[in-house]
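Take a look at the model below.

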Amino acid sequence: MPDRPPPSDELWPGWVAGPAAQAVYGKHLELIGQLIPAVLYAHVMDRQGITAAYNAGRQDVVDAQVASLAMECRNDLLEAAVVLDALALGQGHGSYLPRPYQETSVPTPRDVELRTDASDVAGELARHDQQHSTSTTGDVPAPLEDGCTDGERDAVRAYARREWITRQERWPGL
């Protein structure tokens, strides 16, 4: 089968973002689709580099790479939050898993797990922004805590969306 570029409405060949994701992210949705391989690749390569330095006994390189990762933490949280959010929006609206979550023998529905993961990462973004005063939009919601409500989970996801869209509009291509 020959390679072909995906039609403009497909973020990936065979995958079209749902109307909810298109409504929320608009023109910025295409860049979120491009983030998926970039985030995964960077994650793997960062771990591989740190592991190789550690195995070689190069603590100086390990320290330098960890320091670099720490500086990139906010961008990583924001990018992962919007990728997970866009994927979760394609699953529709619904409930979340409780916090803390206790594993059971009953399989968790994929849409519930995806929404929960999206809100957990967005909650860590809110925590980071509160601790380091790094928000670009202000009005940072409370980070998620045990016993949080679905409304609190929705609020941190909405916050991550605002941060992402603001970043794209202020600094295109970043």
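## The loop between α4 and α5

Ser133 sits in the loop between α4 and α5. The helices are DSSP runs of H or I, at least four residues long, numbered from the N terminus. Ser133 is not a glycine, yet its phi is positive, about 50°. Ser133 is exposed, with a relative accessible area of 66%. Here exposed means over 50%, buried means under 20%, and partly exposed lies in between, with a 1.4 Å probe and protein chains only.

Asp139 is in the loop between α4 and α5 too. Its phi is near 50°, again positive in a residue other than glycine. Asp139 counts as exposed at 69% relative accessibility. Most residues other than glycine have a negative phi, and most peptide bonds are trans.

This is a predicted model: local features need pLDDT of at least 70, side-chain atom pairs count only at pLDDT 80 or more, and totals for chains, interfaces and linings use all residues. Residues are numbered from 1 along each chain as its sequence is written, and side-chain values use heavy atoms, with hydrogens and water left out.

## A buried histidine

Is His128 buried or exposed? His128 counts as buried, because its relative accessibility is 13%. His128 belongs to helix α4. Its side chain makes a polar contact of 3.4 Å with the side chain of Thr134. Such a contact is a pair of N or O atoms within 3.5 Å; within protein, one must be able to donate a hydrogen and the other to accept it, and residues adjacent in sequence count only if both atoms are side-chain atoms.

Beyond four places in sequence, His128 touches Cys73, Arg74, Leu77, Ser133 and Thr134. Contact means heavy atoms within 4.5 Å.

## A cis bond

The loop between α3 and α4 holds Pro100. The peptide bond from Arg99 to Pro100 is cis, with omega near 0°.

## The core and the whole chain

The largest nonpolar core has 23 residues; Tyr25, Leu29, Ile32, Val82, Leu125 and Trp164 touch the most other members. Each of α1 (19–25), α2 (29–55), α3 (59–89), α4 (110–132) and α5 (150–170) gives at least two residues. The largest share, seven residues, comes from α3. A nonpolar core is a set of buried Ala, Val, Leu, Ile, Met, Phe, Trp, Tyr and Cys residues joined through side-chain atoms within 4.5 Å.

The protein chain has five helices and zero strands. Of its 174 residues, 32% count as buried.
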